Amino acid sequence: MTSPIQASLLSKAIFLFLLFTAVLLPGQFLDNRIALASARPSGAGKQPVLANYGSKTGLALNAQFPQDSNQRACWDFALRTSLVHASGVRMRILVQNPQAASQYNFYIKAGSTWYSVIFSPSKDNAWEDIFIPKTSFTPEGMPQSWSDCPAFRIAAWKGDGGKLAIHLAELEFTRPNANIAILKSGTKANPNEAKEAAKYAKLLNDALILQGLRPAIIEDDDCLETHLKPYDFAFVPYPKASSPQQLLAISNMIRRGTKLGVFHDLPSIISAHLQMPNANFIRASSLPNPLGGVVPELGRFDGVKPFIQASSAFMSIPKVAPPLVVSAWWYDALGRKTNLPAVVETSNGFWMTHVYLNQDPWRGADFLLAQTARFFPNLLKIASQTKLNTVQQAYANATSTEQQAAREALQAAVNLHSTAQYKPAIEYAHKALGLLANATTTMVPAKPNEIRAAWSISPTGPPGQAWAQTCARLRSAGFNAVFPLVATPYSAAYKSAIHPRSQIDTALGDCLQAAVSNGIQVHAWINCLNIQDAPQGVKDKFNAENRLQLDSNGKTLYWLCPSLLANHTLITKTIGEVASHNGISGIHLDLIRFASSQSCLCHNCRKSFELFMKTRVASWPSDVLVAGNLRNEWLRFRQLLITSLVENCSTAARSKKPGIIVSAAVYPELENAKSTVAQAWTQWIARGYVNYLCTMTYQSTTPLFKADIQRQARQLGSPSSIIPGIGVSTNKLPLDEVKRQINATRENKNPGFILFQLGIQETNTIIPNLANF
């Protein structure tokens, strides 16, 4: 007898084969029978079993989350392979009761370092293909070679709890779809540069994937001549961080005829091989107007439009002379073309004079594809084929209603591809994906008093824009609140009697003036305890005064300890000072928590805990750690400390301005918030300390977002005090997904939503398109 899961997979696999032939180079497929023999479940995970899914023999991963535990479910498998040339991981997966978990992770062990990534099922009890780019994996430690990957892990963190079933029909470690690679720079010798390089590699790869490219991702440690020989084109997103080994390998690539796409500051060996001139580092703030974006050279690319990129700096080329040719120019924040080259090329490749920021995803990616295709003639065809394959897989997994909505756009894409019109074929395939995703979403209209807000991590707003311009855009899009970061334990974006003067001490005043004139509320965002971004001298001063948190190993963490009166006083005085400004509607408390589950274990925390317990702790800190006999009491004590700080902050704000709105940014999962960072946020509402909780519900897909906000409402007893945070910039959400998550807040009867955060992309391409939504 064939089960519904088996029949669904089999029929759609046949449909997929008949309708379209995949073009991806074959990757490394997991042998599920061999994987089963090495499987090691842990936590709430049960022993995997083999299951038949049509013609496939896959793995069924089952879990049972206990209601009284914050347990996760894990399944570890042996792997033993090289993933040097991988572009990513593809799973054919069906999840039953996905809301049982709040977060899903995939891990790969490379050498001795685990790399992790969050993935998000978008369907309940329906098949889908999930592709995870290799650049999305983050090392839990120092980056290492992927030449020996001994294991992988799938994990699910408890959400609603109960039964969870993950059906894994196919797991593929995918190869690149063209002889193109992204070379990630940076090694353990310079971890900060490696982190920067990983960020820019991900931004670039996300853009290429959007247009249908799936390059190999090669770590710096894997940049050996033997590994790089297959590639005809390579991107180096952040060559400033390249190791000597990688620079030598790149030099040898160029000698062999491999073409390059490079970015920002070039080491001399690369610029020499590419025949690129010397250039000067220039800050955009030194220009008459900030940079606003990139405009292609007239007539150089067919149908490629300017794209937004508000770079804060660039490499200025003094003179453009043969063999150098300008492909694109910078334009300024007023939209005027400058005489500053943004992209130049020689016969050996192209150079963008800043890092690629992916602030205008579709147009920026369109330019990159066109620019790269000048050195790789079949690239548009390959990208079009892969984009079609992606939408065809989604179409095969879709319901009949979803298929009907996307059929016309998909057919147009197929027709355009068959007549070698690859650029419009990619556009129609992308349109079809959006239609599939939106087909069954019933949009709920906004209620008249809906809170429509956005965080701004910059006190001055998005780069290159004055607050007057930003607030006008917010008003035009129907937004009625902005939450700018205006104070930390060591700085202020206004003239402060507590904190030293700064270059941005008019920022709060500028924001208030612009916001009030546009009918927008200002909720002043306060960073309460985190000083990680402070100048080193400030960190050293707090450390010398013994005011910082310590972890279980005695390591200093750059967070103020909430058990100290001096820290309470500093924070509450700052809040009172901010609340005194005319025009302030609210105070928003952020980072009002412990740094992690392993803090704080300083001397004062021990002393305060012993007063709380009315007895001496015999073995510190082991008695309060996970297996300690005082663990439960310690967790209650930590929550009491943070709740007390929230109360003091609220009192400080309301004493200065009675009736002021107090809100707090919190971890979205209550039990995790309580056990790891001591945010017992239900008490904050119940006791009236805050008016609203802004839950950082940063999910990539609507089903998980919806499950989270429904669970939050149940835990609090009502959704009326919860303003869900939507991770637009955190997860690089496309417009349609933003709309679906806003819609979920309306279905859940939340009072509104808040977007994280006001960056260039959000201000220019997301927020304006929410005007009538």
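The following conversation goes through some features of a predicted model.

Biologist: Which residues have the most contacts inside the largest nonpolar core?

Modeller: They are Phe-479, Ile-575, Ile-587, Leu-589, Trp-684 and Leu-755, in a core of 90 residues.

Biologist: Which helix gives the largest share of this core?

Modeller: Helix H16, residues 631–656, contributes nine residues, the largest share.

Biologist: What does Trp-684 touch?

Modeller: Leaving aside residues up to four places away in sequence, Trp-684 touches several residues, among them Ile-642, Thr-643, Val-646, Tyr-689 and Leu-693.

Biologist: Which residues does the second, separate core include?

Modeller: That core has 41 residues, including Leu-83, Ala-101, Ile-132 and Leu-171.

Biologist: Back to H16. At what angle do the axes of H16 and H17 cross?

Modeller: The axes of H16 and helix H17 (residues 670–677) cross at roughly 95° and come within 8 Å. H16 is therefore roughly perpendicular to H17.

Biologist: Which residues meet there?

Modeller: From H16, Arg-631, Leu-635, Arg-638, Gln-639 and Ile-642 meet Lys-674, Ser-675, Thr-676 and Val-677 of H17. Sorted by class, this contact of H16 with H17 has three nonpolar, three polar and three charged residues.

Biologist: Now the strands. What is the order of the open sheet of six strands?

Modeller: The order is E2-E5-E11-E7-E8-E10, and the pairing is antiparallel.

Biologist: Which are the edge strands?

Modeller: Strand E2 (40–43) and strand E10 (138–139) are the edge strands, since each pairs on one side only.

Biologist: How many bridges join E8 to E10?

Modeller: Two bridges join strand E8, residues 113–119, to E10, and these strands run antiparallel. Ser-116 has Thr-138 in E10 as its bridge partner.

Biologist: And strand E20, which way do its residues point?

Modeller: In strand E20 (residues 313–316), Ala-313 and Met-315 point one way, while Phe-314 and Ser-316 point the other way; all are buried.

Biologist: How many bridges join E17 to E20?

Modeller: Strand E17 (residues 280–283) is joined to E20 by four bridges, and the two run antiparallel. Arg-283 stands opposite Ala-313 in E20.

Biologist: Is Glu-450 buried or exposed?

Modeller: Glu-450 counts as buried because its relative accessible area is 4%, and buried means under 20%. Apart from residues up to four places away in sequence, Glu-450 touches Asn-480, Arg-746, Pro-751, Gly-752 and Phe-753.

Key. Residues numbered from 1 in each chain as written. Predicted model: local features only at pLDDT ≥ 70, side-chain atom pairs only at ≥ 80, totals over all residues. Heavy atoms only, no water. Buried < 20%, exposed > 50% of the residue type's maximum accessible area, 1.4 Å probe, protein only. Contact = heavy atoms within 4.5 Å. Core = buried A, V, L, I, M, F, W, Y, C linked by side-chain atoms within 4.5 Å. Pairing = 2+ DSSP bridges. Axes fitted to C-alpha atoms, helices over the stretch in contact; angles between N-to-C directions. Parallel < 35°, antiparallel > 145°, perpendicular 65-115°, else oblique. Nonpolar A, V, L, I, M, F, W, Y, C, P; charged D, E, K, R; others polar.
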